[in-house]
Amino acid sequence: MSNKEKHWQKTKGHMIMTLCLWAFFSMVIFLFGYEINGMSFLGYPLAYYMTAQGSLLAFVIIIFWFANKQEKIDEEFGFGEKED
Amino acid sequence: MFKGGFIQNLPKIYGLYTGGFLVFILMMAIAEQAGVTAKTIGILFVAFTVAIYALIGYLSRTIQVDAYYLAGRQVPTVFNGMATAADWMSGASFVALAGGVYFGGYSYMAFLVGWTGGYVLVSTLLAPYLRKFGCYTVPDFIGTRYGGNGVRFCAVLVLVLASFTYVTAQINATGTIAARALGIPFEAGVWVGLVSILLCSMLGGMRAVTWTQVAQYIVLIVAYLIPVFWISNKIGAGVFPHLMLGDEVQRITDLESQFGLVKNSAADVKAAGVPGGLKSIAVAHAGVGAGGMAVWKYISLAICMMVGTASLPHILMRYFTTPSVKSARKSVAWSLFFIFLLYSSAPMLATLSKISLMDPNLPTGIIGKSIADVQSIEWVKQWSSQKQVFIADFNGDGILQLNEWFMRTGVVVLATPEVAGLPYVISGLVAAGGMAAAMSTADGLVLAISNALSHDVYYNMIDPKADVRKRLIVARVLLVVVGAAGAYIASMRITSILGAVAWAFDFAMSGLFFPLVLGVWWKRATREGAIAGMLSGLAAGTAYLIYVYPKFMGNPAWLGIDHLRFGLIGAPVCLVVMVVVSLMTKAPDAATQRMVDEVRVPSGKSILGRAH
């Protein structure tokens with residue numbers, strides 16, 4: 001496998017991992033919206049909290065994490081960009 | 001004080017600007033104390049901010065192609081994030097989002113998740129690769145990746161349909177706000193709005209829009225957050241509302257069971273003469289509906305908005321302007337951070353607004369009071385005269401019940417400062433914020449449409465030999481034409497017929513999502529596949545919309561897929577057709593495959609040059 005192929009393999013893996021996290025916070029937890037709303041977080045019902053704030057915050061963190069790790073992957077295979 | 005170029009000095013320039021804006025707010029507050037009328041303050045707020053945007057637009061004028069289309073590819077990560085956030089948050093987000101949460105509760109908040117979660121798709125699947133490609137417009141990518149004018153034209157078609165659905169609503173919002181703040185008729189307000197929008201974009205294209213959007217973001221976020229924090233502190237709900245409103249949410253739930261949540265029958269509402277579009281509180285603030293259908297409704301709406309977000313050209317094109325691929329990726333994260341600041345505040349504003357209204361222990365509470373008393377409150381009088389709020393005494397007992405109080409959704413944001421008893425200067429600030437939000441989105445959309453028409457249709461299809469001067473003249477003429485068409489339609493007040501903002505997301509996801517994503521992630525995707533996918537996805541989505549929308553054919557929704565979710569029909573059709581047709585046709589040639597390989601690594605030159 002060439003360097004480029006290896007890089008793409010790892011990039012794809014990272015993409016899938018990120019999308020799994022995304023699917024969890026955007027869909028999976030809301031499958032159980034009714035069930036988890038009895039629990040409480042910061043005094044808010046949990047499902048209410050997640051849709052009002054929690055999932056939104058999770059997305060912000062996920063994208064920062066995704067971008068940092070992807071940069072490392074690019075550098076590992078020598079595809080990083082020169083300083084801009 | 002300013003050494004080096006414009007880009008190096010951006011933090012200083014916008015720091016000064018923010019400081020200047022805060023000083024302006026203080027001056028207005030002093031003017032209010034000194035007896036300047038509310039109306040004058042409103043006019044000053046809107047006029048002052050719009051004048052600043054126009055000045056930025058003028059200073060950013062350009063005669064370079066790459067500056068006009070890509071802001072010279074030198075917009076720093078964080079600033080591009082702010083510009084994208086302003087581009088993204090429309091007049092509707094600013095004015096109607098909190099109102100939607102207020103009346104729609106948990107199931108409406110699927111929009112919050114949808115309109116933020118989509119950015120994960122943008123950053124993982126598209127933004128960095130489109131930046132590496134170096135295209136000017138979204139159809140530019142489709143046209144170059146798949147090759148040929150036919151496929152390019154299909155992409156332009158989807159882009160225009162999606163963006164135009166969206167832009168009339170934005171011009172409508174600028175018109176409404178300008179009309180209210182300046183005290184002119186709505187039709188005139190629309191044209192004032194249009195002129196303001198064009199002042200920001202015409203001379204400098206993407207470059208001018210970028211720098212005005214940053215300025216607009218600062219105004220809109222200040223205008224949104226100040227009332228939220230102020231009210232929260234005023235009623236003693238907590239210094240930092242986002243973390244401290246748990247008790248208030250609980251209190252609303254208690255009050256709901258005390259007052260009773262009653263859904264008025266349509267016949268009652270009509271008989272009482274409630275003006276159209278006004279709603280009463282009938283949905284639990286924090287409760288979650290039980291059952292599979294409630295879950296599916298929530299998740300299907302979130303999916304449509306997320307996938308739609310990742311296909312909207314006016315957002316994707318913002319990431320073409322960063323200096324590098326990695327800054328495009330980071331920029332998505334910053335965009336979402338800046339969006340998060342406003343979106344996470346909307347439910348808090350809805351909570352504060354609702355408790356101010358409902359809680360009999362607060363001086364502002366009106367539910368359970370005598371109707372005659374409520375009707376003599378200043379803000380109730382004012383907003384009733386504009387048919388924005390309404391009281392219908394269904395049971396005739398002269399006491400205001402929860403189900404007898406009607407409001408338009410936009411009032412939740414626009415009137416909350418008054419409801420909570422804040423000085424008028426805050427209402428003026430909110431008007432300026434709403435104007436900034438509507439203008440920035442309208443700018444981005446008008447530019448996306450006219451750039452696609454000028455670069456893809458005119459330059460690539462009609463006159464490939466045109467020189468730079470001619471191209472930029474055509475681009476500007478088209479900008480004016482597209483804006484004027486939007487304003488004309490908005491001034492006819494038929495936007496309610498054109499449907500919801502959500503439609504733009506569904507159109508975009510039906511026609512563009514898979515051709516864009518597969519263009520990067522699947523080398524085997526062919527031109528014929530892309531054309532067939534785009535056209536069939538768009539056709540299937542549109543056909544289903546006509547089939548299900550109450551004002552068209554009005555058939556019952558299949559599996560709960562109503563007119564807000566028709567992308568769930570269009571996008572899968574697009575995917576299946578695109579894959580099947582691609583596999584039936586000859587694989588793309590070696591040059592195209594190499595191009596895709598090249599897009600997948602960040603280093604090296606972009607596929608399309610700075611000037612193309």
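At what angle do helix α2 and helix α9 of chain B pack, and how far apart are their axes? Hold that thought while I do the housekeeping. What we have here is a predicted model, in which local features need pLDDT of at least 70 and side-chain atom pairs count only at pLDDT 80 or more, while totals for chains, interfaces and linings use all residues. Residues are numbered from 1 along each chain as its sequence is written, and chains are lettered from A and ligands numbered from 1 in the order in which they are written.

Okay, back to that pair. Helix α2 (residues 38-59) and helix α9 (residues 186-201) of chain B cross at about 35 degrees, with the axes 6 Å apart. Axes here are lines fitted to C-alpha atoms, for helices over the stretch in contact, and angles run from 0 to 180 degrees between N-to-C directions. On the α2(B) side you've got V50(B), Y53(B), A54(B) and G57(B), and they meet S196(B), L199(B), C200(B) and S201(B) of α9(B). Contact means C-beta atoms, placed from the backbone, within 7 Å. Sort those residues and you get five nonpolar, three polar and no charged. For that sorting, Ala, Val, Leu, Ile, Met, Phe, Trp, Tyr, Cys and Pro are nonpolar, Asp, Glu, Lys and Arg charged, and the others, Gly among them, polar.

Zooming out, chain B has 28 helices and three strands; these are DSSP runs numbered from the N terminus, H or I of at least four residues for helices, E of at least two for strands. Its radius of gyration is 25 Å, close to the 25 Å the globule rule gives for 612 residues, so chain B is as compact as a globular protein of that length. That's over C-alpha atoms, and the rule is 2.2 Å times the number of residues to the power 0.38. Of those 612 residues, 56% are buried, with buried meaning 20 or more other C-beta atoms within 10 Å of the residue's own, exposed 12 or fewer, and partly exposed in between, C-beta atoms being placed from the backbone.

Now α10(B), residues 205-234. This helix has 30 residues and reaches 43 Å from first C-alpha to last, close to the 44 Å expected at 1.5 Å a residue, the expected span being 1.5 Å times one less than the number of residues. 22 of the 30 residues in α10(B) are buried, and G236(B), which follows the helix, has a positive phi near 70 degrees.

Next, the core. In the largest nonpolar core, 232 residues, I63(A) and L220(B) touch the most other members. A core is a set of buried Ala, Val, Leu, Ile, Met, Phe, Trp, Tyr and Cys residues joined through C-beta atoms within 7 Å. Helix α21 (residues 424-462) of chain B gives the largest share, 19 residues. Beyond neighbours within four places in sequence, L220(B) contacts A86(B), M89(B), F94(B), G433(B), A436(B) and A437(B).

Have a look at α20(B), residues 411-419, too: nine of its nine residues are buried, so this helix is largely enclosed by the rest of the structure. Just after α20(B), G421(B) takes a positive phi of about 75 degrees.

Last stop, the interface. Here 43 residues of chain B are in contact with 40 of chain A. On the chain B side, α16(B) supplies the largest share, eleven residues, and that side divides into 27 nonpolar, ten polar and six charged.

Notes
Contact = placed C-beta atoms within 7 Å.
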